[in-house]
Every structure is written in C-alpha cells, then in structure tokens.
Amino acid sequence: MDSDYDVIVAGLGGMGSSAAYRLAQRGLRVLGLEQFGPAHHFGSSHGGSRIVRKAYFEGPAYVPLLVRAYQLWDELSAEFGERLLTRCGALMIGAPDSDVVAGALASARRWQLPHEYLDAAALAARFPQFRLYPGQVAVFEADAGYARPEATVLANLELALDAGADLWFDTVVESIELGPGGVHISASGEQVHAPKLVLATGAWADRLAGLDRFPLHVTRQTTHWFGTDVPVDFGADRFPVYLWDIPGDRDRQLYGFPQLPGERGVKAALYRDGRSDHVDPDTLDRRISEADWQPVQQLVRQGLPALDGPLVDSSVCMYPAADGDDFVLGIHPGSSGRVVLAVGFSGHGFKFVPVVGEIVADLVQHGQSRLDIDFLAPARFPD
C-alpha cells in the first residue's frame, strides 16, 4: 500500500520522537517508523535518567543549543503536563586542568553561565557524600539536573499523535532509495514515499541511506544501581548529578544521579567503560556480568562511602557515536536536500532532544537552522 506524506521519520527514540512531534506540530503530514514498540529498551533512550547541563566540558559550541534546549524542556513538560527535567544541580569533578573541570569552566565563562568553583573543603561542606581524590576540585552548576528518557519519548510520541502524525511501531525499515518525487522506503513489506526523510535510527544508522560513509561506531555500555543504608542522603533535594574524572584515566569518567522515586538503588556508571569494541545492535549481549559492575562499584565505594550497598539492578544500552564524539546533524550531502541526518548522539546527546527536534524541523522545512550547527554537519566528513 502506498502512502504519501510530507516527511517520514525513521526511528522514534529520543531524537526521532522529538522530530516527529515538532514536524507534526508545524502542520506537516508525518509518518514515523519504529522497529520496536514505544519508548523501548533496546537502543539508547532508556535507563530512567539522563544528565542535563549547560556548562558543557565537551565544547562551548554546544552551549547555545543547550540554552534553547532548556527552554524547550520546560515547554515540553508544560505541554505534556508532567515534569520531564528536574533541576538538582550538577558537579563536574576532577583536577583543575582535567577536561571535565577546565572544559566546564571554559564553557561557563564563554557564555557567562552561573556556576561555582569549589575546592575540596567547600565541596565537603556542601556535599559531604563525596570524597575527592587528592588535588581535585569541582565546578557546580545549580541549573543542571536530569531528564527522564522513557517519559520524554512517550511525551513526544503522544504529542506527535495529537498533532496528527501517523506512527507505525514494530515496523522495520528494509531499504531506502532516492528517486523521482523524493524518498522511497520499504518497511515491513509496505512501500511508502515522501519528499523528505529524517534518519534517526541510532545504533542501526550505518545500515541505511549510505550512512556507512560516516565513521559511526556502536559500543556496548552498562549502567548500575547500588543500595545504601542512608537513602535520604542521595535524594535529589541534597544530592546532585555528577561527572567525575578518574585520576590516571582521563578517557573515562564516573557519573551518577540522585535516587529517583521508585528506584531501588542509586544509579552510577562509567562514561565509556573502555571494554567494548564495535558491536552489532542485533546481537548485542544484554547479559550483565561481574566485569560490568564491579569496576563501577569499586569507584563508587571509594568516592561515595555511604553508597556501599550491593548491586540491585543493571541496564545495557548502546552508544552510537561519530569520530570525535560530535553529533552528525544536518542534511545528508548526497541526498540533494532530501534526507536529514540526526545520528551519532550517544552517550551525551539526550539532553539535546527537544532542540534537535526543532533543528530537524527547520532543516526539513527550510534547509537550514537558525542555530549554529555547522560543526555538526555531515559534510565535515570526507567522501
């Protein structure tokens, strides 16, 4: 059966669901395709919580996008009728010259973001849960916090439906072809076409529309929840999210969250655990082993002594990322303007979900964004 739409969105995780909503909100006829169910746990948009912050150590060029994202997080919460972003503050911890601390300070100063520089004594007085390594300091951003990924995806999907989008779940995109009149897609036996396509297929991106030309790498990552005898010390009213540079291993950070309502433990993980090579998303090992959680538990017990309970839960996800970790966001250079790419976001992209949806909608409608996304353009990669 043929269906005509203004735009098709392939992938309805964090980025795709946001794009589908923003496009439908503007009155476009939208078809969304998702190989799993709504807000599923098989990709990169699950796990209960994601850090949201503006003092971005990854680079000050991201900050204007985050400023707009914050506005849209609040709007999305109001439209959905449920709080999706909780501001509990964030600590960026490390040596003064570490990427985490020096980078956060550079972004905060470049864009005049409110922040505090805390030495070890000041941090211990404010947040006694933390035990810093010698010589470490912290940058505290009060306006930071966490978003809830599953609730966010569901909010975008519900609002997209309310705005008139058609959303097909359990529908696998089998092929994409550029042809007369736009983009032609075969999906679970159905043939559909539209003038424009948004590709937001996460870990499956390199299988479609020539995306194998981009250096996207998918790695297996795990997050863990640990018990404590003093849960009151880890509530969001007195415990912030954090990113913590590990001495002697500047390629990894420990990160974590306060205990969320309904969770049995307190979540912590290693940002890029260093154990995983490129994985196939269809054969991902979703079993948890001691080698996954034990290094995290050791670091947590050393740095957060009160969080000394047993492992109570774990989750497996995937990080599909491009070389250099910058997103791939823009018009596919080989598509004559017909395909918008929104891929390569893990594991630091979820905080951008609302603004990516808006940017994608602008790219579909106008071929450009009012925000500076040149540093994320797919065309930056050689042919």
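In this predicted model, helix α1 (residues 14–25) packs against helix α7 (residues 353–366) at an angle of about 55°, and their axes lie 8 Å apart. Helices here are DSSP runs of H or I with at least four residues, strands are E runs of at least two, and both are numbered from the N terminus. Each axis is a line fitted to C-alpha atoms, for helices over the stretch in contact, with angles running from 0 to 180 degrees between N-to-C directions. The pair α1 and α7 is therefore oblique; under 35 degrees counts as roughly parallel, over 145 as roughly antiparallel, 65 to 115 as roughly perpendicular, and the rest as oblique.

As for who touches whom (contact means heavy atoms within 4.5 Å), Gly14, Met15, Ser18, Ala19, Arg22 and Leu23 of α1 meet a set of α7 residues that includes Val353, Pro354, Gly357 and Val364. Sorted by class, the residues of this contact come out as nine nonpolar, three polar and two charged. Nonpolar covers Ala, Val, Leu, Ile, Met, Phe, Trp, Tyr, Cys and Pro, charged covers Asp, Glu, Lys and Arg, and the others, Gly among them, are polar.

Helix α7 has another partner: its axis and that of α2 (residues 63–80) come within 7 Å and cross at roughly 100°. That makes α2 roughly perpendicular to α7. On the α2 side, Leu65, Arg68, Ala69, Leu72 and Trp73 do the touching, and they meet Pro354, Val355, Glu358 and Ile359 of α7. This contact has seven nonpolar residues, no polar ones and two charged ones.

On a 1 Å grid over the protein atoms alone, a cavity is a set of points where a 1.4 Å probe fits but cannot get out, while a pocket is an open set with protein on both sides within 12 Å along at least five of seven lines; lining residues have an atom within 4 Å of a point. The second largest pocket is lined by 13 residues, with Phe57, Glu58, Gln253, Tyr271 and Asp325 nearest its centre. Strand β16 (residues 249–256) gives the most to this lining, three residues, and the lining as a whole splits into three nonpolar, three polar and seven charged.

The largest cavity is lined by Tyr133, Trp244, Asp245, Ile246, Leu254, Leu299 and Gly303. Its largest share, three residues, comes from β15.

Residues are numbered from 1 along each chain as its sequence is written. Local features need pLDDT of at least 70 and side-chain atom pairs pLDDT 80 or more, while totals for chains, interfaces and linings use all residues, and side-chain values use heavy atoms, without hydrogens or water.
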